[in-house]
Amino acid sequence: MPAVDKLLLEEALQDSPQTRSLLSVFEEDAGTLTDHTNQLLQAMQRVYGAQNEMCLATQQLSRQLLAYEKQNFALGKGDEEVISTLHYFSKVVDELNVLHTELAKQLADTMVLPIIQFREKDLTEVSTLKDLFGLASNAVCLEHDLAMAKYSRLPKKKENEKVKTEVGKEVAAARRKQHLSSLQYYCALNALQYRKRMAMMEPMIGFAHGQINYFKKGAEMFSKSMDDFLSSVADMVRSIQVELEAEAEKMRVAQQELLSVDESVYTPDFDAAAPQVNRTLIQKAGYLNLRNKTGLVTTTWERLYFFTQGGNLMCQPRGAVAGGLIQDLDNCSVMAVDCEDRRYCFQITTPNGKSAIILQAESRKENDEWICAINNISRQIYLTDNPEAVAIKLNQTALQAVTPITSLGRKQESPCTSQNLTNSEMESARLIPNATVGVTDTEELIAPGTPIQFDIVLPATEFLDQNRGSRRVNPFGETEDGSFPEAEDSLLQQMFVVRFLGSMAVKTDSTTAVIYEAMRQVLAARAIHNIFRTTESHLVVTSQALRLIDPQTQVSRANFELTSVTQFAAHQENKRLVGFAVRDPESTGEESLSTYIFESNSEGEKICYAINLGKEITEVQKDPEALAKLMLSVPLTNDGKYVLLNDQQDDSDGGPSEHRGAESEA
């Protein structure tokens, strides 16, 4: 027997638009079945009525045949043979009338009655449950939406456990009501799929048996093969009955198990302390709150059902037939954000950084899994032949990459040995391919277990100590913008909006491969330790130094002498990644090598071009003729400074005025 379509009882709790859409298909099927059943019943009643009319007609025929004898025909002589013949015919008709009466009774019991019972019992029950489910669903959905609105508005900073518990109970109670009504309705619709097959075949079996019995008694007109066929049909009906009983028992047990679970499954964020996060997801679906701007300073939050489809983020409101495109996730960045004192918010930013959407999950686990899934999709893993295996392999590779630290003090205390990471899953960053230069062993570039610094390693005070002797320095490692007068005399001054990702010590600066390897390890470490946030800064390139400036306070965070920058490169695939290697003298007389990795709002090649131009200016400043040739080859501004190709106008489109205080992740 072919399989029967069923509604999954496990999806009754989530009540997703897909489940509602599938439910509408079952409801449409039930409505079509009701119309067909009514028409079928009319046809069967017509057959039954015709059979009853046949009984009355044959009875009247028999009486009329007997009445011929009683007629006073003026010319009735010699009618004795005719009368005896008519008597025999009357007897035959009476016998046929008995058969017709038995057939009519059998049709009433085995053909008309089952279809009437199916219509009055099963179809009426489904129709009643549909009305009750609609009323309960509307009331419970309103109650649930109000409860979820209360829960979503719970403050993050001033958390009240009593209020949170009460609101959580309200959400759980609403979901339980909806779950119970959904389970009853789903079970009835599932059972209807079996009963409709029985209801269509049982009446016809009764009709066929009645006709066969009628003709068998009148004459042997049906062969044994017909009996075998009807027997097989009867066996099939009995097998369906057995399947129905087994499925009904199975649904009853499943319903009891689903309703006997702990109340925590109805409570959002019940495992906030230690959620089990799957970091290898390549698709995700669930309800999220979408932040919408309704004015210059006012916003609203709308609870919608979101799901990923390929490289797209889709949204499907309740009642909609299909989902609509919200965001193309290819090469997008995602990060956790603080928004309007709401918990579990994250932001998805387009590759050009000019538009972003903010969403809120209902639990910490959902928040982390959404961030991981979007990060995996943004790297286009879904386009590979086996995306699940690729995601797991990337996680395992990143877990073995590095041991990061998050402060300068921990860098000094941590030994150069790798930590044992117990996580089997992680959210990996963009793939950083190994450089194709002639260094094949990464240990020759970076020592295994080298700590990674996620804040600025070299504060401005160290440069002041090295270059300004005993001049008093700011103990907080920051200097005012006017404390670097060399910027005013520099022939080159170019500003880029960047975000510092990390720095680490390296063993060599003889090749750009060390920068590519540092990029790979920094991004892998940030992914392993869920470090998504970075702070925006302004990188100013002059002909003397590279300066990192706070865009809001204009305080210099770090300063790198241009002569100490030995290597610089932009990533070959992710054009926004750029890094440079710095060689600094130490108090012991030796030199230390470090790499610094940044994410830029513009192409990293522009930063590399500016650094290269600055180094060229430094080299030719002592030679007036070479300097003059260089100035002729590069356009200048009105004040005599060098202008880069595709100058800052493109880079400033997403500048500090638009993204002030914004944070991003590579």
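**Cavities, pocket and sheet in a predicted model**

Good morning. I begin with the second largest cavity, whose lining consists of Met-148, Tyr-151, Ser-152, Tyr-287, Leu-288, Asn-289, Arg-303, Arg-343, Tyr-344, Gln-360, Ala-361 and Glu-362. Helix H2, strand S1 and strand S6 are the elements that each give two or more residues to this lining. Please bear in mind throughout that the model is predicted.

I turn now to the largest pocket, which holds about 820 Å³ of space. It is lined by 30 residues, and those closest to its centre are Leu-13, Gln-14, Arg-175, Val-265 and Glu-362. Two or more lining residues come from each of helix H2 (80-152), helix H3 (161-218), S1 and helix H5. The classes here are eleven nonpolar, seven polar and twelve charged residues. The lining of the largest pocket likewise draws on domain 1 and domain 2, with at least three residues from each.

Glu-362 deserves a word of its own. This residue lines the second largest cavity, and Glu-362 is also among the residues closest to the centre of the largest pocket.

Let me continue with the sheet. Seven strands form an open sheet with antiparallel pairing, in the order S4-S3-S2-S1-S7-S6-S5. Why is one side of S4 and of S5 left without a neighbour in the sheet? Strand S4 (324-328) and strand S5 (333-339) stand at the edges and have a single partner strand each, so one side of each remains without a neighbour. From one strand to the next, the twist averages 40°.

At the S5 end, S5 pairs with strand S6 (residues 342-349) in the antiparallel sense over six bridges. Val-337 stands opposite Cys-345 in S6.

Finally, which strands does helix H5 (residues 364-378) lie across? They are strand S1 (285-293), strand S2 (299-309), strand S3 (312-316), S5 and S6. The helix runs at about 10° to S6. H5 is also one of the elements that give two or more residues to the lining of the largest pocket.

Thank you.

Definitions and conventions
Residues numbered from 1 in each chain as written. Predicted model: local features only at pLDDT ≥ 70, side-chain atom pairs only at ≥ 80, totals over all residues. Heavy atoms only, no water. Pairing = 2+ DSSP bridges. Helix = DSSP H or I, 4+ residues; strand = E, 2+ residues; numbered from the N terminus. Axes fitted to C-alpha atoms, helices over the stretch in contact; angles between N-to-C directions. Contact = heavy atoms within 4.5 Å. 1 Å grid on protein atoms, 1.4 Å probe; cavity = no way out; pocket = protein on both sides within 12 Å on 5 of 7 lines; lining within 4 Å. Points joined across faces, edges and corners; volume = space filled by probe spheres on them. Nonpolar A, V, L, I, M, F, W, Y, C, P; charged D, E, K, R; others polar. Domains from an automatic or database assignment.
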